[in-house]
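Q: I have not seen this protein before. Could we go through it together?

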Amino acid sequence: LLLDEPTTGVDAVSRQEFWEVLLRIKESGITVVVSTPYMDEASLCDRVALIQGGRLLDVAPPADITARHPRRVFAVKSDARYALIQTLRSYPHAHSVYAFGEFVHYTDKRPDVDTREIADFLHDRSLTGVEVRLIEPGVEDAFMELMTAQPGTP
């Protein structure tokens, strides 16, 4: 069964029900191939192929893809989201900064940075309501990292 973005534009409850049906189809022995822009859906699959601009970036089980993520990922939040993004991007050690739901996912160029240092940097720049926590990278974090690592990829 080949499905091209079957849940695009579908409400969250219907998306979940659809994936429950796909799981039953898979358990019956039918191979299901799904293209999706939703990384939470990709995480439900046995194997994921990450593709950008016609280039295959990686193919592996989701856990293998996230395990290869080379950096610590921090979920960062403040009362001023736009200012938070701009401030993190100005941090000399910033590797990547991108919006992710109510949080901003931040990676640092250094392997040993901790939450306190990031929070202090943001507080020193007058951001309020700051929350910084270390999280496990997801498929989307891995995809973003792979996209930036590929020459000629936007």
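Q: Is Leu134 buried, partly exposed or exposed?
A: This is a predicted model. In it, Leu134 is partly exposed, with a relative accessible area of 43%. Buried would require under 20% and exposed over 50%, so Leu134 falls in between.

Q: Where is Leu134 found, and which residues does Leu134 touch?
A: Leu134 belongs to strand β8, which covers residues 131-135. Leaving out residues up to four places away in sequence, Leu134 touches Arg72, Val73, Phe74 and Thr115.

Q: How many residues separate Leu134 and Arg72 along the chain, and what is the separation of their C-alpha atoms?
A: They are 62 residues apart along the chain, and their C-alpha atoms are separated by 7.2 Å.

Q: Let us step back. How many helices and strands does the protein have?
A: There are six helices and eight strands. Starting at the N terminus, the order of elements is β-α-β-α-β-β-α-β-α-β-β-α-β-α.

Q: What box do the C-alpha atoms fill, and what share of the residues is buried?
A: Along the principal axes, the box is roughly 55 × 35 × 25 Å. Of the 154 residues, 37% count as buried.

Q: What part of the contacts comes from residues 24 or more positions apart?
A: Such pairs account for 58% of the contacts with a separation of 6 or more.

Q: Now Tyr106, please. Where is the place of Tyr106, and is Tyr106 buried or exposed?
A: Tyr106 is in strand β7, residues 103-108. With a relative accessible area of 0%, Tyr106 is buried.

Q: Which residues is Tyr106 in contact with, neighbours within four places aside?
A: The list includes Arg72, Val73, Phe74 and Val76, and also Leu88, Tyr91, His93 and Ile118.

Q: How many residues apart are Tyr106 and Asp124, and how many Å in space?
A: Tyr106 and Asp124 are 18 residues apart in sequence, and 18 Å apart in space from C-alpha to C-alpha.

Q: A new topic: at what angle do α4 and α5 pack?
A: Helix α4 (residues 81-90) and helix α5 (residues 115-124) pack at about 115°, with their axes 11 Å apart. The two helices are therefore roughly perpendicular to each other.

Q: Which residues make that contact?
A: On the α4 side they are Leu84, Thr87, Leu88 and Ser90, and on the α5 side Ile118, Phe121 and Leu122. By class, five are nonpolar, two are polar and none is charged.

Q: Is the crossing left-handed or right-handed?
A: The crossing of α4 and α5 is right-handed.

Q: What about the loops? Where does His69 lie, and is His69 buried or exposed?
A: His69 lies in the loop between α3 (62-67) and β5 (73-77). Its relative accessible area is 11%, so His69 is buried.

Q: What lies 3.0 Å from a polar atom of the His69 side chain, and which residues does His69 touch?
A: The backbone oxygen of Arg71 lies at that distance. Not counting residues up to four places away in sequence, His69 touches Thr107, Pro137, Asp141, Ala142 and Glu145.

Q: Lastly, where does Thr7 lie, and why does Thr7 count as buried?
A: Thr7 is in the loop between β1 (2-4) and α1 (12-27). Thr7 counts as buried because its relative accessibility is 2%. Beyond residues up to four places away in sequence, Thr7 touches Arg15, Phe18, Trp19, Tyr38 and Glu41.

Conventions. Residues are numbered from 1 along each chain as its sequence is written. This is a predicted model: local features need pLDDT of at least 70, side-chain atom pairs count only at pLDDT 80 or more; totals for chains, interfaces and linings use all residues. Side-chain values use heavy atoms; hydrogens and water are left out. Axes are lines fitted to C-alpha atoms, for helices over the stretch in contact, and angles run from 0 to 180 degrees between N-to-C directions. Helices (H or I, at least four residues) and strands (E, at least two) are DSSP runs, numbered from the N terminus. Angles under 35 degrees count as roughly parallel, over 145 as roughly antiparallel, 65 to 115 as roughly perpendicular and the rest as oblique. A crossing is left-handed if the near helix is turned anticlockwise from the far one by less than a right angle, and right-handed if clockwise. Contact means heavy atoms within 4.5 Å. Ala, Val, Leu, Ile, Met, Phe, Trp, Tyr, Cys and Pro count as nonpolar, Asp, Glu, Lys and Arg as charged, and the others, Gly among them, as polar. Buried means under 20% relative accessible area, exposed over 50%, partly exposed in between (1.4 Å probe, protein chains only). A polar contact is a pair of N or O atoms within 3.5 Å; within protein, one must be able to donate a hydrogen and the other to accept it, and residues adjacent in sequence count only if both atoms are side-chain atoms.
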